[in-house]
Amino acid sequence: MSATTTDTVSYLDNTGDDPTVRARLVVGDNDFHSVTEKVCGIVERPQPKLWWVVFAISSSLTLVLLAMIAYLVTTGIGVWGLMIPVGWGYAIVNFVFWVGIGHAGTLISAILFLFRQRWRTSINRFAEGMTIFAVMCAGIFPGIHVGRIWFAYWLAPIPNQMSMWPNFRSPLLWDVFAVGTYATVSLLFWYMGMIPDLATLRDRATTKIRYYAYGLLSLGWRSSNRHWHRFEFAYLLLAALATPLVLSVHSVVSFDFAVSIMPGWHTTIFPPYFVAGAIFSGFAMVVTLVIPVRKIYGLQEIITTRHLDNMAKIMLATSMMVGFAYSTEFFVAWYSGNAYEAFTFMNRAFGPYAWAYWTMVTCNVIVPQVFWMKKFRTNTILLWIAAVLINVGMWFERFVIVVSSLSRDYLPTSRGYYRPSIVDILTFLGSFGLFFTLFLLFIRFLPIVGMAEVKGVMPQAHLDRPDHRGHGDYHGDISGTEVLS
Amino acid sequence: MSNGAENAGLYGYLARFDLVDEFLAGATQVRDAGYTRWDAHSPFVIHGLDAAMGVKKTILPYIVFAAGLTGAAAGILLQWWTNAFDYPFLISGKPLFSLPANIPIAFETTILFAAISALIGMLALNRLPQLYHPLFTNRSFKRATDDRFFISIEAVDPLFDPIATRELLESISGRPIEEIEDQP
Amino acid sequence: MSSMKAMTYWRSLDELEQTTEFREAVRREFPNDDWDRLPPATRRQFLKVMGASFALAGLTACRWPKEEIVPFAHRPEGRTPGVPQRFATSMEIGGAALGLLVTSFDGRPIKAEGNPLHPDSLGALSAVAQAEILQLYDPDRSRRLLLREGGQEYVKDWSEFESFAGERFSGTGAGVAVLAGASSSPTLAALHERFLATHPDARWYEYEPISRDNEREGTRLVFGSMVRKHPHLGEAEVVACFDADPLFDHPAALRLAREFAAARNPESGSGARLYVGESGYSLTGARADHRVAVASSRVPALLAAVANNLVAEHGLELPAAAAGFAGATDHSATDDERHFVDLLAADLVTHRGHGVVLVGPRQAPAVHALAAVLNYALGSTGSTITYTADPSPDRPSHLEAISDLARRIRGDEIESLLILGGNPAYDAPADLDFADLLAGVPVSIHLSLYDDETSRLCTWHLPASHHLESWGDGAAWDGTLTLRQPLIEPLYGGRSAIEVLAIAAGDGPKSGFSLVREGLSERFGFPISDGFWRQALHDGVVGQTAWDTVAPTTNPAQLASAVDGLWELLEAGRPTAKHAELVLVPDAKVFDGRFANNGWLQELPDAITKITWDNALLISPATARDIGVSDSEIASVQARGATLELPVYVLPGMARNSAVVALGYGRTAAGQVGNGVGTDTYKFRTTAAPDILSGVTIRGTGRTYALATTQDHFAIDTIGFLERNRRVADLVREASLDAYLENPEIIHEQEHHPPLISLWKDHEYEGEQWGMAIDLNACIGCNACIVACQAENNIPVVGRQQVLNQREMQWIRLDRYFKTAQGVTSDEVDDAQIVFQPMACVQCENAPCEQVCPVAATQHTTDGLNAMVYNRCIGTRYCSNNCPYKVRRFNFFNYHKELADTTKMQFNPEVTVRSRGVMEKCTFCVQRIEAVRITARNDNRPITDGEIMPACAQTCPAQAISFGNLNDPSSEVSRSREEHRSYAVLAELNIRPRTHYLARLNNPVEGAPSSDDGAGGHGKESG
């Protein structure tokens, strides 16, 4: 019935808010095979010109990144704009920025999975891929920002020539573990979810190389239901594990600041504040990427307007959380009666870095308010622009936190004004190059939509049998949870 | 009855279905017929199929739980041994070992161990990776990862009878079934 | 062995002459290549090239005096390799010898400290004197004799010069002139006489750009004969300084600083209430209890007003002839000035005999005369001020001397000119055009450490030996005979002034050793014994040789002219924005320019302005507004025909419409470090008005120039400015002496923070626990500690660009705060009090830096130090971020890689040279702690209090820093911690700093507002 209802509304529109009407997650007259065709086609057909253009740009930017790192390692941290008192600058800002981006993937996959948000299926693969690449970009910066990069391995608890161990009281070390774990688990999660789709690619392979490559990657998956059973269970467990992990990673990242004694850093609301911000920026980045991709590869029927609509709503919600955090900081600064704290926040808003602060507020709090209007949630152009602005704003949030707090702390005699050097800026751009390069390769070689999962939520996958749970429901339950119950 | 030498070189029979409900019904019948060495193949998870096939609940959760505990213990132990026992040093006048400072890392190791065990455990229980399988020799079976559904009954099943089993499958799938050779 | 060394040494020197680097070096040596515009990397690069090219392998090896160059296999008596030795020697600046105690490590002098036996040092040493050791190893020092003829340069050696001099200085010396710097050396004086005896027609001139000739002349005006003035602040109750800076700018400043600190001790001191009237902001001014900013040209009026007030209001009896000094009433005086005068006059009378009036060297002789008369009338003579006969009473003033020489050169009367040291081509008054004249002299010989501006214009350049390379002697400011012995064989084959003069005097080449020893015998009239000689060398001084004090009587005849002179000065009007006043002062770091090539000094932040690598035009905020220039704007300054462009630095507390700029910058041939740093302001200097110029026009150019300062400029954004003022009162605690004496707890009344409790059981610190106490009431902000630390701990010089990037490396930061009224913004303020706070790592017990280091590179030692493990550090910089005092320094580059090999010879082998990417900071000179601990263990005894001296504490002239064991209640540091004045900065963070500060006490007249009240009060309410 719902199908007819929505179809009368429009062919592609599934964004109706009428609760009696169940929205379709895949629109158009798609069957299992057409989904397979659409998704595998991306990998099997030659890439459009645009792909090559963007790839050329991003890969050259990646080379710039490598060059900058080489220059840094051979010359010294002095090539950056850092100084005393501002000992952390772009490197740490970028690190936190990328880690934040890296949250949407696992969040969409894991948390929405646990919350039975079926619409996740069309975008989770995509988002998880983004997570992996973002975390890779993030991982670079803590690695290269140390003064003696060649000794960075002393951070790991392995016996070294000093026969000394790292200091586990240091938040930086917590960071090493948190980000390391997050990267590993995200990778497992991503890969495991991909196994059945890799099998699909294997079975459609037309060349030997593809056949063996995908055959190897899919580990000999033969879509046996006895396997599906354990597969679903493992997936559920990973989701259950990844969910607290997502929350913990950015909490730990926030400890880098919260555990210090710097006014503006030493703030107890940082963990939730950072997590909200991370989800915020993560979704913004997903939207930024998914809008062009679905257009170029004709996935509008699978990654539907409703998906964008939902993500816009989440961005609106998280933007409000972030805005609330901003105001809370000021309240705490005032209410605590701590003069240093009070000055730090006044200085943020009205001091030398006011420009950065207000850029942040505009992009993160004011811009997302447009999402109250459905037009902005469903019009891809407007949505895309807003999402890009949010990415900018979230970068500035990290900049404000890291730099403005350090630039003026306790003693008025040790103040500074941090200016990035050209190397800082090129390194930052280079990290985008790396990110997009990896992402384009992902599109080129791997299934960017979880076919098996999408098929699972299509009408054809369900029965009209009275004894069956999820009766007549396109959002029917999954076997994994059924077995649980 | 017994499956003797006449089944040599035969892996089993493969029946194809186009629709999910036929497939489910078929699975139920095969289950009721009492077969044990058989399987159902679908491009995606079909709920109700486990019930239809009578699959037992996996032990994976216990494996993961154990691994998680190991991770937690390892995390705490590592921090205690390195910082408080093997090479203690005075930091900010703080105690050599205090749990609060060690929670974050213990938490991370817990998750790490558990997650890795979840994937490895799943693969191990599924006997994967298994890059060769007789079913792969069948052309039409390739659509098992696309849009078709299959039921396979192995020749080694004690109830397997070349004639009876074939008839059973043909009756439920409504189309001729295929023999799967088992290349040595 | 020794001959072999010598051979390699010479061979390498021969080789170097062909190396391309060397030719490059020569090319770059030429003036006008602007090093300031070049990034410091290039400058360091260059030092490297220089150093490397001279293949100093031979030099870097141990260089004892030749006869002792022997392998340690059979090592010389009493020398243990690796055990530093200390030798007493001396240096001389501007005609006063300063006693040194130099540490030598395996034959390399590595650190200079003060000689406790020396009356002008008392164990302390100024920043400049300590930095001299770097000059010894300067790779830019001249390495060979040069003969410049017909545009050609010829490399000569000493024998050639000797033969040349032999025939040149034969005969009666007609047409021969010698231009020497001021010297107190008896040996040189003897040679001087001998030279004039052998060359009766020769002329002898002495010139110093910076001198106290006005003071000298002033005494002549009062007493008829020239006498030398010696202030004594130890017992003083009232000290009045008129454009004078006795605590810093005085030959005996180190002694005076110590006496002042003693006098200001609230328990035992005499009070020494300090009145300062000056145009610029001097270090003495920063300590003033009552300070009034008046243009230098108005200082005479201010002093005259005091005299008038004393006579009129308090019936002070002046000598009849001096009665004319009174009666001058300055109608244009401001309220501040009147108030100042009234207070001072009253105070001087109530403390008769215990007050002293001091006038600075810039002021005219008549003003000094008036001061002398007042001191005489107030009965200060003999108590707070004593006189000794002038060592060379018939010497004309330096300005007269150089003018006369110039006149004779212009009259072609001079054929041969022998210049012993100095750099007249650069620092002679501009109106003499001395450089051009010098170029015209047929034969001119310049003995100098560097092939500098003067050498370039002379026919002969002779490399001089550094004072650490040569024998010599001199007299302290009070006449005490001071000896100088070499610690190292001349690195570049230089010779000392006495050795060269001996050649000129016809004695032929004589070693400085024999010259000094003979000179000493002559002085005592009998050949001195070896025992006496060894004792004298050991002590560095000969006791009981200070001149006797004299009690001069006033001389009416002269006084009359002094009075007239003063009245002339009183006619000077107040400077206006259109016709401003410009005061030329000696620089606090490069002095008259002779230390321009010293990286330590160039990078040393000026105590008041915090400017490095530059000199700037200092004007008050109000003046800046009147003239219409802003901070860091380049101003075009026009005075006496000369027009220069100088960057403006807005400094509160400067006199209205009076600008101050330092001399000694803009060198063109100083060396690769000093060339083109700052602007050469000697171009303003004339014989008529050498120091104080009036009718100066200052115009803004609209262009700006970034001054490399190590702290915020005074003018910053409002929010930051207000917050800075709000915090000062809490960071640098102050009270007035009276308030403190009646309520000692006043220092702590402003503390508002919750009780400091820990989450965990506090760590027990057993055994020796090192701690430090810094007495802000003694500190005068002289920067000596910074250089001491730099020399002791191998701290690199990073160059102007890196300072601009806020990457300076000095471990000690001398925090300078302006105190202004609460709530006023930077563009409303004109005056401000200055307070200092030396800030290095305070070794927190709960150190925030330690817990955040992921690799435990900084952790706590059992004796309570916040240790920094350099080879463990990976450079996350997290520790620095988390340091509330920001006292950690990071090696952003490898600052040592490109050092010249000679410069590396200065390194202290006891201290790690930090590599790139490593964090560093003060550790209470842990190497000194360990050295003492080891000796104590060896003799199996406890460490006695005061036995361990960090470099900063050792050199502090005011003895503001005490260090010791906190677990020993009897130790000095423990006792000072018990004082009511003791407090910890940022104590509310509960990080338990091991360094405590003792609050500063001002001593204003009771009830009267102190100078800083005018400028915002102590702010005790806030905090």
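Reader: How do the axes of helix 7 and helix 9 of chain A cross, and how should I read the angle between them?

Author: This is a predicted model, and in it the axes of helix 7 (residues 171-204) and helix 9 (residues 225-258) of chain A come within 9 Å and cross at roughly 155 degrees. Angles over 145 degrees count as roughly antiparallel, and helix 7 of chain A and helix 9 of chain A are therefore roughly antiparallel to each other. The crossing in which helix 7 of chain A passes helix 9 of chain A is left-handed.

Reader: Which kinds of residues make up the contact of helix 7 of chain A with helix 9 of chain A?

Author: The residues of that contact between helix 7 and helix 9 of chain A divide into 22 nonpolar, two polar and two charged.

Reader: What holds the strands of a sheet together?

Author: Strands of a sheet pair through backbone hydrogen bonds, and the pairing is either parallel or antiparallel. In chain C, an open sheet of three strands has the order 1-2-3, with antiparallel pairing. Strand 1 (85-93) and strand 3 (108-114) of chain C stand at the edges with a single partner strand each, so one side of each has no neighbour in the sheet. From one strand to the next, the twist averages 40 degrees.

Reader: How many bridges join strand 2 of chain C to strand 3 of chain C?

Author: Strand 2 (residues 96-105) of chain C and strand 3 of chain C run antiparallel and are joined by six bridges; in strand 3 of chain C, C:G114 is the bridge partner of C:L100.

Reader: Is chain B compact or spread out?

Author: Chain B has five helices and four strands, and from the N terminus on its elements run β-α-β-α-α-α-β-α-β. The radius of gyration of chain B is 25 Å, well over the 16 Å that the globule rule gives for 184 residues, so chain B is more spread out than a compact globule. Along the principal axes, the C-alpha atoms of chain B fill a box of roughly 80 × 35 × 30 Å.

Reader: Which domains is chain B divided into, and how far apart do their C-alpha centres lie?

Author: Chain B is divided into domain 1 (10-56 + 132-181) and domain 2 (60-125), and the C-alpha centres of domain 1 and domain 2 of chain B lie 45 Å apart.

Note on methods. Residues numbered from 1 in each chain as written. Chains lettered and ligands numbered in written order. Predicted model: local features only at pLDDT ≥ 70, side-chain atom pairs only at ≥ 80, totals over all residues. Heavy atoms only, no water. Domains from an automatic or database assignment. Axes fitted to C-alpha atoms, helices over the stretch in contact; angles between N-to-C directions. Helix = DSSP H or I, 4+ residues; strand = E, 2+ residues; numbered from the N terminus. Parallel < 35°, antiparallel > 145°, perpendicular 65-115°, else oblique. Left-handed = near helix turned anticlockwise from the far one by under 90°. Nonpolar A, V, L, I, M, F, W, Y, C, P; charged D, E, K, R; others polar. Rg over C-alpha atoms; globule rule 2.2 N^0.38 Å. Pairing = 2+ DSSP bridges.
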